[in-house]
Amino acid sequence: MTTKFTTGDILAQLGSVLASLMFVWAIIQQYFPYNLRNFIDKYSQRFLTFFYPYIQITFNEFTGERFKRSDAYSAIETYLSKTSSMQAKRLKADVIKNNTQPLSLSMDDHEEVSDVFNGVKVYWASGKNIMKSQTFSFYPNTDEKRYYKLTFHKRHREAILGEYLTHVLKEGREIKVKNRLRKLYTNNGAQWSHVVFEHPASFQTLAMDPVKKQEIIDDLTTFSNGEEFYNRIGRAWKRGYLLYGPPGTGKSTMIAAMANFLGYDIYDLELTAVKDNTELRRLLIETTSKSIIVIEDIDCSMDLTGQRKKEVKEEEEEEKDNSKPMKPPENNEAKASKVTLSGLLNFVDGLWSACGGDRLIVFTTNHVEKLDPALIRRGRMDKHVELAYCGFEAFRVLARNYLYLESHDLFEEIRRLLAEAEMTPADVAENLMPKTSPADPESCLRSLIGALEKVKEEANLKKMKMKMEEEEAGRKKDLAGVKNEEIKVVENGSNGSV
Ligand SMILES: Nc1ncnc2c1ncn2[C@@H]1O[C@H](COP(=O)(O)OP(=O)(O)OP(=O)(O)O)[C@@H](O)[C@H]1O
Ligand SMILES: [Mg+2]
């Protein structure tokens, strides 16, 4: 009869041999002189590696700099959190203030979990070394050095050291970016200050044509996963979006939805507060990767000749206001804007090539026709998105969000009216906002129908007025033509009489 040993049996045997050796080693450490201990340590390790086919790698929590947590350790911790929550018996929980996930879980000390990568099984164990403190303290001992130990068979050395570890670190970092508290930066002159970004907008709640929406989601996904692609084709990892449409169609809401979808920070750049191109460059270089840089109402922030309109307007008003003392000319000069279109274009084209990481730049405007074609050509603003008046599909999203309605008898009437009247999603949303508790969907829909009819009526009146004005102008023109003719005739007549 032959006895079969499973891999588990062999590992168990090796484990007990190791445990015995460790025990012997502990005794040796107590009683043998330092040199002899070193000697035994060295040769016992060689002996073990000869018979033990597994490789171990330790990732310490702190390396090098005393108070700096190792990036690899925290990426591994994040990477293992999902596996740990399913496999480990003892877990550590930490609260993270995040919209999507309230707790971060990791395995407790001296736990072990396994992971499989391309069919290869590896083991991750957590452990800690406690340093003996020389001083007495009432506080808990902080000299605990935690580590993760990765164990795998030596025949997989190449795959694990290369592909697997790269995968672990990349995925861990990505999850960390997604889970972090995101920030909204605004510039006060040349300084960024930030608050926590907690806008609830999402693509689900954004009312727009579903096909267009899916196109944008796909584009963003491709962009955010495109590091290798951008490297391969030798282009900076950036993408420009131009969002245009009338006020209240959801441009700012879409930016918030984009940031939530990608897990990016937002830098809301107020161009009118930036002194000159140098300051602009400095501000933009300070932005971090995985962020969206937003310039709202680009046509109002900057004139296409390079002078900011707001300030020019202010100056004009000041000139009109005689009660205010006039400022000395040099003061006015210092105040004039020096941020130019070419400065902005140079930045859009050039900076990201020098800074690593991915960035989206988003411009919004109510008047796309006013923008210089140089600013919005593809390559600078790669994707142009029109946020339009509310269509029926966009209305359905709002009805679902505001009133939990998938369908209703009044929907057909609303579909007909939306095709005839121009109303922004912001106005439609306002009409759908429940005015009673509990909400009465029908009265909200009727209020929307009333509002749409009013808009339609006003538009018809406006059209009629314009037509009448045109006809009046035409009549006046004709009359003027007739008068001119009469004058000519009179002139000719008088000439003839001479
Ligand atoms: N497409 C939309 N989907 C959902 N809500 C919308 C949409 N458009 C507007 N809203 C609602 O209307 C409000 C105003 O919208 P938002 O600020 O995004 O408009 P905007 O296009 O940026 O306008 P402006 O050009 O004046 O900056 C938002 O708070 C949001 O609740
Ligand atoms: Mg806006």
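This is a predicted model: local features need pLDDT of at least 70, side-chain atom pairs count only at pLDDT 80 or more; totals for chains, interfaces and linings use all residues.
Which residue stands opposite Tyr 185 in strand 10?

1. Residues are numbered from 1 along each chain as its sequence is written, while chains are lettered from A and ligands numbered from 1 in the order in which they are written.

2. Tyr 267 in strand 10 stands opposite Tyr 185. Strand 7 and strand 10 (residues 265–268) run parallel and are joined by 3 bridges; strands (E, at least two residues) and helices (H or I, at least four) are DSSP runs numbered from the N terminus, and two strands pair if DSSP finds at least two bridges between them.

3. Strand 7 (residues 183–188) also pairs with strand 8 (residues 191–196), in the antiparallel sense, over 6 bridges. Leu 184 stands opposite Val 195 in strand 8. The two strands form a hairpin with 2 residues between them, and Gly 189 in the turn has a positive phi of about 70°.

4. Helix 3 and helix 4 pack at an angle of about 80°, their axes 7 Å apart (axes are lines fitted to C-alpha atoms, for helices over the stretch in contact, and angles run from 0 to 180 degrees between N-to-C directions). Helix 3 and helix 4 are therefore roughly perpendicular, a term covering 65 to 115 degrees.

5. The residues of helix 4 that meet helix 3 include Val 168 and Gly 172, contact requiring C-beta atoms, placed from the backbone, within 7 Å.

Terms used: Angles under 35 degrees count as roughly parallel, over 145 as roughly antiparallel, 65 to 115 as roughly perpendicular and the rest as oblique. Two residues are in contact if their C-beta atoms, placed from the backbone, lie within 7 Å.
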